[in-house]
Each structure stands twice: as structure tokens, then as C-alpha cells.
Amino acid sequence: MKATVKCSNCGAEITNLNFSWGRRQWIWVLPFLLVCFLPMWNIYKPKGDFRKDLQVEVLEKRPADKSLEILGTVTNNGKTKWQNVNIDCDFFDAKGGFLDKASGAVNAVVMPHEKEYFKITAKDTDGKLSAPGARMEAEVADAYSPAF
């Protein structure tokens, strides 16, 4: 049995059916893709690497009441703005043994080619962190780049 299609107006049999898009329909595809997917690309495109962009500089370590305050700056050398920048400070004794870890955050957006200040307080009840020969390493642990 052969399927036939008839015109609903005149009843003539239609033998040539074409279910493809014409040229006019393709004109709308590119603008649709640009309007719908370009904003999504801007949100999810890979940003810079915060480990390469952000540089930590410790300006001062000062003892406080049974604690040690670390004052420093985070400089953004990249093209991406960063926020929620978390900084980890690792403390080692004179022999290189691990003593403690302290963390802090920069509460501002670090814009490209700008610097922001931070302060981290580490508990130093026994005085080992501020002892002579003790050293500290500070690094950026995490950062977030906003989509907009």
C-alpha cells in the first residue's frame, strides 16, 4: 500500500514533499545562536588561573596577645578580577618541621593590576611561631572570578 497525501483545499494528490529548511529559515539560526549562546559562553569561558595572577607579599609579622598577626598584600598581575581570595600561611621551625597553619581572606574584589591588603591572625600560645629561626610561607589557596 502506498501512502498518498491530498491537498485539503482541492483534493489533488501531492507527490513531491520536501521537509528541509529553506534559505530564509537559515537566516535566523546565526542570530539565535548569538543571542542565546554568546552570553552563556561569557559566563562559563575559562578565566585566568589565580595561582598565576595573584601574588602574596608579607609586609609584617607582629606578635600580639598570644597570637601572631600577619599583614600583607595580594597583587593581581592578571587581566581577571578576583574575589573571595583565601590565603594560607604555613609555619615551620628552624629545622623545617611543620608547626601550624593559619588561613584568612581578602574581603574585597582584587581588580586587575591592583593590590589589596589582608590581615591573618594565628594562635601562638607557646611562642613557637614567633621564635627566632621560624619561617612562614604564604600562598593564595583559592579565589573566585565573578561571571559578570
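The structure, a predicted model, holds 6 salt bridges, a salt bridge being a side-chain nitrogen of Lys or Arg within 4 Å of a carboxyl oxygen of Asp or Glu. Local features were taken at pLDDT of at least 70 and side-chain atom pairs only at pLDDT 80 or more, whereas totals for chains, interfaces and linings use all residues. Residues are numbered from 1 along each chain as its sequence is written, and side-chain values use heavy atoms, with hydrogens and water left out.

One of the salt bridges joins Lys119 and Glu69, with an N to O distance of 3.8 Å. This pair links distant parts of the chain, as Lys119 lies in strand 7 and Glu69 in strand 4, 50 residues apart. Strands (E, at least two residues) are DSSP runs, numbered from the N terminus, as are helices (H or I, at least four residues). Glu69 is buried, with a relative accessible area of 15%, while Lys119 is partly exposed at 46%; buried means under 20% relative accessible area, exposed over 50%, and partly exposed in between (1.4 Å probe, protein chains only).

A second salt bridge is formed by Glu137 and Arg135, whose closest N and O atoms are 2.6 Å apart. Glu137 is partly exposed at 39% relative accessibility, and Arg135 is partly exposed with a relative accessible area of 39%. Through shared partners, salt bridges also join Arg62, Glu69 and Lys119 into one network. Arg51 pairs with Asp49, the closest N and O atoms lying 3.5 Å apart. Arg51 is exposed, with a relative accessible area of 58%, and Asp49 is partly exposed at 30%.

Asp124, by contrast, is buried and has no salt bridge; Lys128, the nearest side chain of opposite charge, is 8.9 Å away. For this assignment Lys and Arg count as positive and Asp and Glu as negative, while His and the chain ends are not counted. Asp124 is placed in the loop between strand 7 and strand 8 (135-144). Beyond its neighbours within four places in sequence, Asp124 is in contact (heavy atoms within 4.5 Å) with Lys66, Ser67, Leu68, Leu129 and Ser130.

Strand 3 is joined to the antiparallel strand 4 (residues 67-76) by 10 bridges, and Leu54 stands opposite Asn76 in strand 4.

Glu57 is placed in strand 3 and is partly exposed at 42% relative accessibility. Residues up to four places away in sequence aside, Glu57 touches Gly72, Thr73 and Phe118. Glu57 and Tyr117 are 60 residues apart in sequence, and their C-alpha atoms are 9.5 Å apart in space.

A further open sheet of 3 strands has the order 6-5-8, again with antiparallel pairing. Its edge strands, strand 6 and strand 8, each pair on one side only. Strand 5 and strand 6 pair in the antiparallel sense over 8 bridges, and Phe92 stands opposite Phe98 in strand 6.

The largest nonpolar core has 21 residues, and those with the most contacts inside it are Leu54, Ile70, Val74, Val85, Ile87, Phe91 and Phe118. A nonpolar core is a set of buried Ala, Val, Leu, Ile, Met, Phe, Trp, Tyr and Cys residues joined through side-chain atoms within 4.5 Å. At least two residues of this core come from each of strand 3, strand 4, strand 5 (83-92), strand 6 (98-106), strand 7 and strand 8. Strand 5 gives the most, with 4 residues. Leaving aside neighbours within four places in sequence, Phe118 is in contact with Val56, Glu57, Ile70, Leu71, Gly72, Thr73, Val74, Ile87 and Val106.

Methods
Pairing = 2+ DSSP bridges.
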